[in-house]
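I opened my notebook to look a structure up step by step. Here is what I set out to read, entry by entry.

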Amino acid sequence: MARYSPKRLFRNRMNLVPFLLLLPAFMVLALVVVFPLGFSLYTSFTPYRLIRPNTLHVWIGLRNYTDLMGNGDFWAAFGRTVLFLTIALNVEFLAGLGIALLISRITWGQRTLRTIMMFPMMFSPILVGYQFKFVFNDNIGILNNALQALHLSDGAIAWLVDRNLAMFSIIFAEVWMSTSVFAILLLAGLLSMPRDPVEAARVDGCNPWQVFRHITLPYIMPFAYIAMTIRSLDVARAYDIVHVMTGGGPAGRTELLWTLIARTGYNNAKMGMANAMAYISILLSIAFTYFFFRKLIAARKFMRGAD
Amino acid sequence: MAEIVLNKLVKNYGRTRAVHGIDLSIAHQEFVVLVGPSGCGKSTTLRMIAGLEEISDGTVSIGGAVVNELPPRKRNISMVFQNYALYPHMNVRENLGFGLKIAGQPAADIAQRVDEAAEILGLTELLERTPAELSGGQRQRVAMGRAIVRKPAAFLFDEPLSNLDAKLRGQMRAEIKKLHQSVRTTVVYVTHDQIEAMTLADRIVVMRAGRIEQVGTPMEVYNHPTSAFVATFIGSPPMNMLPGTISGGAVRLADGSALPVPERAADNAREGQEVLLGIRPDDISPVGHGLSQDGPGAELTLTVAIAEPLGMESLIFTRIAGQEVQAKLYGPRMVLPGEELVFRLALDRAHLFDAASGASLEAR
Ligand SMILES: Nc1ncnc2c1ncn2[C@@H]1O[C@H](COP(=O)(O)OP(=O)(O)OP(=O)(O)O)[C@@H](O)[C@H]1O
Ligand SMILES: [Mg+2]
């Protein structure tokens, strides 16, 4: 009888209750995250093709990965993605910094401008892609039209066809859409900045540029790193804008990792290979994020002494 | 040579005027303290000297040259801020050497001067720490060190001690005084703490609502306040003010009792004039427990309302002619509320002010 004493029962239940309560969350997580992750990792060790389901059961070990090591297209896309990321993040940082500095200086209408600044973020990337596809279109694009009307160019410039110009156009669209992420975070940094160290630096002999370089910039860098962490995740999975504007073309010249992966997985139906690519790309994402996160932690260490 | 001259200095914030035309000459190596209640324009004046605040009218000269149009970096001054204003991302060594680095000094010189300043201020152990890792007092010292390494023509302090606790404040006060004696430089020091003003200043400038109320050595300001405002502001506890009317050569108080007109004001007091009789707590004491026992005085029997024993002395709250006053009792004697004591008022040290204007009636 002692086994069923109410006290004992209560204690047993107490031990189980937390796990029971957490179970639904665990199940959802398992279903939504762990299972697909595990499944995709598994498929990256098979020659799985969407059109031949039984290839799912063929274990080929690291074949997909070793194949990728010698795959020029993949590494070209990899390099292009790194380049794309580096240029986009740097341009967005500089443009965002400029905008934030300008807006932090004005005293009238700052809120309105802050809101307007966020407009580009409100559009779906697909729409931004379409919008710029038409801006940069060589026949009917407004840009070529304008250039010709102003006699700045006599022929139609093939913005989305030329290798470098196409990359430029895509980066431009990306920058247009996301510079405000930097601008908003950096503006938050600038507005929260204490006035005293700046004044101390001015008395200490700094000209305005030196104040910016030695005081303001170090103070707002943590904010920039936050923006970069967010954006490096974003840009590393850039797909929509590229897909809409150039589809990775012409002739793969704007192919980034995710357009290549999607093409491999869905158009060529080589899902196993696509997943192997995806896992390598994720390493890239993690590397960028980790890098900025470390910078952020290092920069934040001293912020407590800012009062 | 770094004398600082303010000439009809004015500051307007929009339509409100914060500083109303200040004239002040500060001699080379002089320690001048600007003191006054909150919002009287001390910081604004100091910041105009530093170049951090635009000058609306008038001029500031440092070392004989008008500096109105010069940015702070060209004025050869150092400033210590109330909130220390250390550079959070630099360690103590970098904080101290920053000004020299910006000035393009060779690294060896910077290191030597930083070490020197750190030595003077006892910061040698802390050189590698960041401001976040320092206590308030240590941050304050770093802020001072940063000011002295540059060997400027003048130091400007804006309430540098107000964020410290009372004990540390006393300690730092002494250190600032020592510092001024070793690094003889012109100093303009802003505070609203009259004890700091009294202990540090060669000359005190008492400000009120954007104007200078009185300038003088601490003793002049304490012993010969030119207005009731200065009299109550300088000295702690503040001077007691008894309202009354001049009548028949005496000050007639609210309850009809009369006290003789203090001798120093005898020539200026007009019959019928509304006045304030000012007398410091130190000059109202129970008979046998005061500082001065001779000279002209008046004896009054008063009832003790509250007594605060401080050890060798007690602060007593009582009333004269309905007006609450504070008195001092010297000596280790217990006093109880409700006790009736005979107090002696040392009237030779009392002051008389015009009630309407607040101006002192002391003959000069
Ligand atoms: N930026 C500003 N805009 C408008 N008014 C200001 C500004 N700064 C100061 N004032 C006003 O100017 C007056 C003087 O200010 P100031 O800071 O010089 O006072 P203070 O004597 O230093 O006072 P405290 O002891 O509180 O520091 C105050 O009435 C204040 O409200
Ligand atoms: Mg102030």
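**Entry 1: where the chains meet**

I began with contacts, meaning heavy atoms within 4.5 Å, and found 22 residues of chain A in contact with 25 residues of chain B. I noted that this is a predicted model, where local features need pLDDT of at least 70 and side-chain atom pairs count only at pLDDT 80 or more, while totals for chains, interfaces and linings use all residues. I also noted that residues are numbered from 1 along each chain as its sequence is written, that chains are lettered from A and ligands numbered from 1 in the order in which they are written, and that side-chain values use heavy atoms, with hydrogens and water left out.

Next I looked up the buried area, which is the accessible area (1.4 Å probe) that two parts lose on being put together, summed over both. Between chain A and chain B it is about 2200 Å², and carbon and sulfur atoms give 60% of that.

**Entry 2: charged and polar pairs**

How many salt bridges are there between chain A and chain B? I found two, using the rule that a side-chain nitrogen of Lys or Arg lies within 4 Å of a carboxyl oxygen of Asp or Glu. Arg47(B) pairs with Glu199(A), with the closest N and O atoms 2.7 Å apart. Arg150(B) pairs with Asp204(A), and there the closest N and O atoms are 3.1 Å apart. This pair crosses from the loop between helix H4 (136-149) and strand E7 (154-158) of chain B to the loop between H8 and H9 of chain A. Helices (H or I, at least four residues) and strands (E, at least two) are DSSP runs, numbered from the N terminus. Over all chains, I read a count of 18 salt bridges.

I then checked polar contacts, which are pairs of N or O atoms within 3.5 Å; within protein, one must be able to donate a hydrogen and the other to accept it, and residues adjacent in sequence count only if both atoms are side-chain atoms. Nine residue pairs across the interface of chain A and chain B are in polar contact, both residues at pLDDT 80 or more. On the side of chain A that touches chain B, helix H8 (196-203) and helix H9 (208-236) each supply at least two residues. The largest share, seven residues, comes from H8(A).

**Entry 3: one residue of H8(A)**

I picked Val198(A), which sits in helix H8 of chain A. Leaving out residues up to four places away in sequence, Val198(A) touches Met193(A), Val211(A) and Ile215(A). Val198(A) and Gly98(A) are 100 residues apart in sequence, and their C-alpha atoms are 18 Å apart in space.

Most residues other than glycine have a negative phi, and most peptide bonds are trans. Ala85(B) is not a glycine, yet has a positive phi of about 55°; Ala85(B) lies in the loop between strand E6 (77-80) and helix H2 (92-102). The peptide bond from Ser236(B) to Pro237(B) is cis, with omega near -5°. Pro237(B) lies in the loop between helix H8 (228-233) and strand E11 (240-247) of chain B.

**Entry 4: a strand residue**

Last, I looked up Ala307(B), in strand E17 (residues 306-309) of chain B. Not counting residues up to four places away in sequence, Ala307(B) touches Leu315(B), Ile316(B) and Val335(B).
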